[in-house]
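Hi everyone, thanks for making the time.

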Amino acid sequence: MFDSLSERLSGIFENLRGKTRLSDSDIDATARQIRLALLEADVALPVVKTFIGHVKGRCRGKEVSGALNPSQQIIKIVNEELVKILGGETRRLEFSKQPPTVVMLAGLQGAGKTTLAGKLAKWLKSEGHSPLLVAADLQRPNAVGQLSVLAERAEVEIYAPQPGSGVGDPVEVARDSLEHAKKAGRDIVIVDTAGRLGVDEEMMEQARQIREATNPDEVLFVIDAMIGQDAVTTAEAFRDGVGITGVVLSKLDGDARGGAALSVREVTGKPIMFASVGEKLDDFDVFHPDRMASRILGM
Amino acid sequence: LSSDKLTDEEWEEIEDTLLAADVGVTDTTEIVDRLRERVKVLGSRTSSQVRALLQEELTTALGVEADRNLNTVTEDGPATVMVVGVNGAGKTTTCGKIARVLIADGNTVVMGAADTFRAAAADQLETWGTRVGAKVVRSHEGADPASVAFDAVKTAKDDQADVVLVDTAGRLQNKVGLMDELGKVKRVVEKHGPVCETLLVLDATTGQNGLQQAKVFTEVCDVTGVILTKLDGTAKGGIVIAVQRQLGVPVKLIGLGEGPDDLAPFEVESFVDALISVDEQ
Ligand SMILES: Nc1nc2c(ncn2[C@@H]2O[C@H](COP(=O)(O)OP(=O)(O)OP(=O)(O)O)[C@@H](O)[C@H]2O)c(=O)[nH]1
Ligand SMILES: Nc1nc2c(ncn2[C@@H]2O[C@H](COP(=O)(O)OP(=O)(O)OP(=O)(O)O)[C@@H](O)[C@H]2O)c(=O)[nH]1
Ligand SMILES: [K+]
Ligand SMILES: [Mg+2]
Ligand SMILES: [Mg+2]
């Protein structure tokens, strides 16, 4: 399998002891190894390039040249830079001053939106809120049924006036759900939407309309931790097409290295707020940037 | 310096094209090294000639001899096809689409809802069954998936159906218990006779983890072909090159959308063209 970055770097620095500064070729060799490690972790190529630019700069500085163990020092720098990007301005969910707070979920097909809707509902309920799940995916076969089962498991109310599987208008359902929430005294509305591709203009337009109809406090972009190089294009499409306020990384219970976290963070500038770590409703955690950095580096 | 020789930048561009398509570092390096070797042997080449050579290399990497037909012909009894893969890859949808094609070819098809775990999974398969005209055998939530699969094959036999498609629950390949369960589903189904095809559904957006998926699923249930879904998006699905080169498992079909007809044979040439095409933004 993959060598860890430290193994990769150790070769370069075997003959380095005693040098007062790294030569350009040392730095290039280092950059190459970091590049490989990040690519194997699925960090997107343009993001790798920018990242290495930063790290190279720091490698030229005195913190490395003076170090007893330059390889460890560089790993420390790489790790710090990763955490810096992954963790910038971590924050909790934004609640509206005038309830209901609206949380809209968006993402590619199969990313984990509906499951996350159930998880959020259960968690928010345990925090003393009264969430309402809204079945605004009327496209995927039996998405409404899926959300109903999750609502039952989370013991929260679901608003599902349309049967779905191709029948009903999701924008209307989303809009009407707010009225329903107010009447029913729900303080948080979680809108599940259909999966869509960034290049699907019609579906992206629908997502914009749902957004306009509900004026969400949060639009969470759910992305599968197994995604590869397409993370950048997809994140850009949702950033520009729907507008997002935060990111949720799903299926982190797998063994993917999850370099997409870095790509998405870099492209959207939005915080990664939660980690989805399983199929059950409790498999859900706040996002830990330091753990993610170690994971990307295979440490 | 001759102008018809590729510069370092041009070589890097070739490498980057493959990396950006999820081909992965190992396979990209090997493919580009072979290409460099051939360019050296053949003498100086222009960019467009090198591009043609790259196309050749990628075609070779995808397995020239690979059998990409769906094997659904048996001596007697229904042909059994199992559909496996990680969560959300497109298994259930693909079952529906395959049934559609088979039915259009005059076959009768039974589908078994051996995903008894995910909320409304059996309902989803049933909707597909209605859509395409296939009978669906299902049980209650939490039922033993192996026995649902067994019953599905039995029903197909009783009905003298031509093909039975077994839809299984999504599972991440590092979950040992779930992978064991899948092995069991297959063994129980095989009590009726050999499984014709075990198809791994791979989402085209998947990065390097796709190779690990293919490895473990192949170990557990002997995958005979890959179905690469969601190629209608911007992802290129380059990880299937590693899957073919390292495991010898060919891509058989591709998914191009959410509708019943959005399934197509895997064509190496167009796949390679799309993989190395530079997207105009
Ligand atoms: N292992 C694991 N599976 C997950 C996780 N989140 C979701 N899933 C599974 O992934 C699959 C897809 O999840 P959904 O919640 O249906 O995804 P979605 O984004 O709503 O899908 P569409 O509505 O079809 O676009 C299901 O099998 C879920 O059980 C996770 O964090 N870990
Ligand atoms: N754009 C696109 N979407 C697809 C394709 N194949 C499946 N989907 C969508 O991807 C999502 C997941 O598909 P499913 O068939 O439910 O996936 P699955 O592997 O059965 O999921 P689990 O059973 O939950 O593991 C659904 O929204 C499908 O409509 C495809 O080729 N292109
Ligand atoms: K594509
Ligand atoms: Mg959904
Ligand atoms: Mg399924």
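Sorted by class, the shell around ligand 2 holds twelve polar residues, eight charged ones and four nonpolar ones. Please keep in mind that this is a predicted model.

Who comes nearest? Among the 24 residues around ligand 2, the nearest are B:Gly90, B:Lys91, B:Thr92, B:Thr93 and B:Glu258. As for secondary structure, helix α4 of chain B, residues 91–104, gives the largest share of the shell, with four residues.

B:Lys91 has a polar side-chain atom 2.6 Å from an oxygen atom of ligand 2. For B:Arg118, a polar side-chain atom lies 2.8 Å from a ligand oxygen atom. With B:Gly90 the backbone takes part: one of its N or O atoms is 2.8 Å from an oxygen atom of ligand 2. And how much of ligand 2 does the protein bury? On its own, ligand 2 exposes 650 Å², and the protein buries 97% of that.

Let me finish with the rings. Searching the whole structure over all chains turns up five aromatic pairs. In chain A, one aromatic cluster is formed by A:Trp123, A:Phe274 and A:Phe284. Over in chain B, there is a charge above a ring: B:Arg131 lies over the face of B:Trp128, 4.6 Å from the ring centre.

That's my tour, and I'm happy to take questions.

How values were computed
Residues numbered from 1 in each chain as written. Chains lettered and ligands numbered in written order. Predicted model: local features only at pLDDT ≥ 70, side-chain atom pairs only at ≥ 80, totals over all residues. Heavy atoms only, no water. Phe/Tyr/Trp six-rings, centres within 6.5 Å; stacked < 30°, edge-to-face > 60°. Lys NZ or Arg CZ within 6 Å of the ring centre and 35° of its normal. Near = heavy atom within 4 Å. Polar contact = N/O pair within 3.5 Å; in protein donor to acceptor, adjacent residues only side chain to side chain. Areas by Shrake-Rupley, 256 points an atom, 1.4 Å probe, with all protein chains shown as cover. Helix = DSSP H or I, 4+ residues; strand = E, 2+ residues; numbered from the N terminus. Nonpolar A, V, L, I, M, F, W, Y, C, P; charged D, E, K, R; others polar.
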